[in-house]
Every structure is written in C-alpha cells, then in structure tokens.
Amino acid sequence: MKWEVKYLPEADSELENLDNSVLHKVRKSIEKVAQNPLPKSEGGYGKPLGGELAGCSKIKLLGAGLRVVYKLVRTAGVMRVIVISARADDEVYIEAAKRIKKYDL
C-alpha cells in the first residue's frame, strides 16, 4: 500500500526552495519511503526518532546532508512531511519539534 504524502506548508516551501539537483533526489526518496513508511521494526523504511519526536521517523539523504522528518497518520494512510532541512547540529529536529507543537500533531 502506498501512503498519501502530505506536506506541512513550511515543508512544502522547503522542498520547492531546494536546488534542482537536490530536489529530484529528495522527491525520489520521499516517494520510495511512501511505499512503506512504517518503522524498520515493522518491516518498513522508517528510521524512528525518540524524545520529543517519538512517533516520527526520518529519511537521511547522506550525499545532500539533508534530513526529512515525517509522521504517520495511520488511520488515514497519510505520511505527513514535517520538515526538510540540513542536519546542521540537530537544528532540523528542533524545528520539527516546534512544528509538531504548532500544528498539534
């Protein structure tokens, strides 16, 4: 089952502001993970996060130095992309936590 991918407004802007060479890689990675975004412990591609981001997972784009943080809405089959950003000393995870609070996810 392919999950529906939905972006928070900020994540959508971050995606559109990426350089074209990176944009294709990010979209391709998100689409691949959307095939099975469940955590690895459940047989999926997701890399679970902890702490304030428990219930979220990440996609690591090593060559680009980017992280995509997402949360599943299992009842609706939705993969909600929260943030797309450079890792930069955990700034991406701090921003993801802020957005989760802002949108009450």
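Analyst: Before we start, two strands pair if DSSP finds at least two bridges between them. Strands (E, at least two residues) and helices (H or I, at least four) are DSSP runs, numbered from the N terminus. This is a predicted model, where local features need pLDDT of at least 70, side-chain atom pairs count only at pLDDT 80 or more, and totals for chains, interfaces and linings use all residues. Residues are numbered from 1 along each chain as its sequence is written, and side-chain values use heavy atoms, leaving out hydrogens and water.

User: Which strands are the edge strands of the sheet?

Analyst: Five strands make an open, mixed sheet, in the order S1-S5-S4-S3-S2. An edge strand pairs on one side only, and here those are S1 (4-7) and S2 (47-48).

User: Which residue in S4 is the bridge partner of lysine 60?

Analyst: S3 (residues 56-61) and S4 (residues 66-73) run antiparallel, joined by six bridges. For lysine 60, the partner in S4 is arginine 67.

User: Which residue in the hairpin of S3 and S4 takes a positive phi?

Analyst: Look at the four residues between the two strands in that hairpin. The positive phi, near 70°, belongs to glycine 65.

User: Why is S3 largely enclosed by the rest of the structure?

Analyst: Buried means under 20% relative accessible area (1.4 Å probe, protein chains only), with exposed over 50% and partly exposed in between. S3 is largely enclosed because, of its six residues, the number buried is five.
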